[in-house]
Each structure stands twice: as structure tokens, then as C-alpha cells.
Amino acid sequence: MIVKSLEDIIGTEDETSGDNWTSRRFLMKKDNCGFSMNDTIIKAGTDNYFWYKNHIEAVYCIEGEGEIEEVENGKVHPLKPGTMYILDKNDKHHLRAKTQMRMVCVFNPPLVGTETHNEEGYYPLLTD
Ligand code: 9YT
């Protein structure tokens with residue numbers, strides 16, 4: 001069994017940041033669970049283009065307000081606490097945070113933990 005609290009992660013190497021987000025990595029590849037899970041903060045007022053071409057990501061919003069736009073067809077979905085989306089087609093998208101947002105993110109294959117987006121908006125497939 002693995003039991004962790006946010007305060008065990010904040011300020012450690014298991015906290016990873018990009019330009020507009022900070023992610024607290026609860027579960028990573030090294031935990032051998034087949035997926036990773038993190039608690040991510042997205043900065044207010046940001047527009048983030050992401051394309052997880054190597055991963056399927058499910059995201060559950062637990063705080064804040066924003067929207068997600070599907071690049072393929074321009075559909076926009078509001079996001080608020082209690083809303084989940086999954087990028088099951090490796091969907092290119094814009095994640096826009098109206099206020100600061102807090103999201104629980106699950107990745108398959110699992111993240112190693114240190115990934116940040118490259119210039120095309122995706123994470124490389126890291127092995128360790
Ligand atoms: C929701 C989202 O895609 N945020 C960007 C960061 C990423 N999910 C991560 O590594 O936690």
C-alpha cells in the first residue's frame with residue numbers, strides 16, 4: 001500500500017512545474033501501478049496548448065473555473081469542480097483557466113515524473 005499527503009510532495013523533487021502549472025506527482029512509473037496520478041495547479045488567466053500524443057490523460061477538476069477547446073473541431077467545454085475529461089484520442093486541446101484551477105490528472109502510460117511539455121505541447125516517453 002502507498003499512502004501520501006500533499007505536504008509530503010510540495011517542495012520535493014516530486015513537484016514539477018511548467019510555465020503555467022505546477023504538478024504534485026503522487027504516483028509515477030516507479031510505483032508500478034500502470035498509471036500515474038498527480039494533483040496539478042493551473043495558473044489563472046492562462047491559455048495552454050497541450051497535445052499528449054504519447055499518453056492518454058484523464059483530468060478531474062476539483063477547484064476553479066475554465067474551459068477546454070478541442071482543436072480538431074473547435075468545440076468548447078466549460079470546466080468546473082466535478083467535471084472530468086479524458087483525452088482518449090490523444091486530442092490536441094487548449095486548456096484555459098479563468099481562475100486558478102486544481103486538477104487530478106491520471107496518465108497512461110505512467111509519467112516518470114520529470115516530464116514537461118516540449119515545443120509541440122507533448123511529453124516525451126521517458127523510461128526512467
Ligand atoms: C491538466 C493538464 O494537462 N495540466 C498540465 C500538466 C499535466 N497535466 C501534468 O503533468 O500534471
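Mentor: Happy to! A cavity here is a set of grid points where a 1.4 Å probe fits but cannot get out, and its volume is the space filled by probe spheres set on those points. Please keep in mind that this is a predicted model.

With a threshold of 30 Å³ or more, the count comes to 1 cavity. The largest cavity has a volume of about 130 Å³. Its lining is made up of 18 residues, and T40, I42, Y52, E57 and C105 lie nearest its centre. Sorted by class, that lining holds 11 nonpolar, 5 polar and 2 charged residues. Several strands contribute: β2 (21-27), β3 (36-42), β5, β9 (93-97) and β10 each supply at least two residues of the lining.

Let's start from Y52, one of the residues nearest the cavity centre. Y52 counts as buried, at 4% relative accessibility. A pair of aromatic rings is described by the distance of the centres and the angle of the planes. There are 2 aromatic pairs in the count. In one of them, the ring centres of Y52 and F107 are 5.1 Å apart and the planes stand at 90°, so this pair is edge-to-face. Y52 belongs to the loop between β4 (46-50) and β5 (56-63), while F107 is in strand β10 (residues 101-108), so the contact ties together parts that are 55 residues apart in sequence. F107 is buried as well, with a relative accessible area of 2%. Ring pairs also bring in F50, giving a cluster of F50, Y52 and F107.

The largest pocket has a volume of about 170 Å³. It is lined by 13 residues, with D19, W21, Y49, F50 and H117 nearest its centre. Strand β4 gives the largest share of that lining, 4 residues. By class, the pocket lining divides into 3 nonpolar, 6 polar and 4 charged residues.

Back at the cavity, C105 is another of the residues nearest the centre. C105 is buried, at 5% relative accessibility. A disulfide is a covalent bond between the sulfur atoms of two cysteines. For C105 the closest cysteine sulfur is in C61, at 10.0 Å, which is too far for a bond; the cut-off is 2.5 Å. C61 is itself buried, at 1% relative accessibility. The search of the whole structure finds 0 disulfides.

Most residues other than glycine have a negative phi, and most peptide bonds are trans. The peptide bond from N108 to P109 is cis, with omega near -5°, and P109 is in the segment after β10. In the loop between β2 and β3, N32 has a positive phi of about 55° although it is not a glycine. N32 counts as exposed, at 69% relative accessibility. N90, in the loop between β8 (84-86) and β9, has a positive phi near 50° and counts as partly exposed, at 27% relative accessibility.

Terms used:
Residues are numbered from 1 along each chain as its sequence is written. This is a predicted model: local features need pLDDT of at least 70, side-chain atom pairs count only at pLDDT 80 or more; totals for chains, interfaces and linings use all residues. Side-chain values use heavy atoms; hydrogens and water are left out. Rings of Phe, Tyr and Trp (its six-membered ring) pair if their centres lie within 6.5 Å; planes under 30 degrees apart count as stacked, over 60 as edge-to-face and the rest as tilted. Buried means under 20% relative accessible area, exposed over 50%, partly exposed in between (1.4 Å probe, protein chains only). On a 1 Å grid over the protein atoms alone, a cavity is a set of points where a 1.4 Å probe fits but cannot get out, and a pocket is an open set with protein on both sides within 12 Å along at least five of seven lines; lining residues have an atom within 4 Å of a point. Ala, Val, Leu, Ile, Met, Phe, Trp, Tyr, Cys and Pro count as nonpolar, Asp, Glu, Lys and Arg as charged, and the others, Gly among them, as polar.
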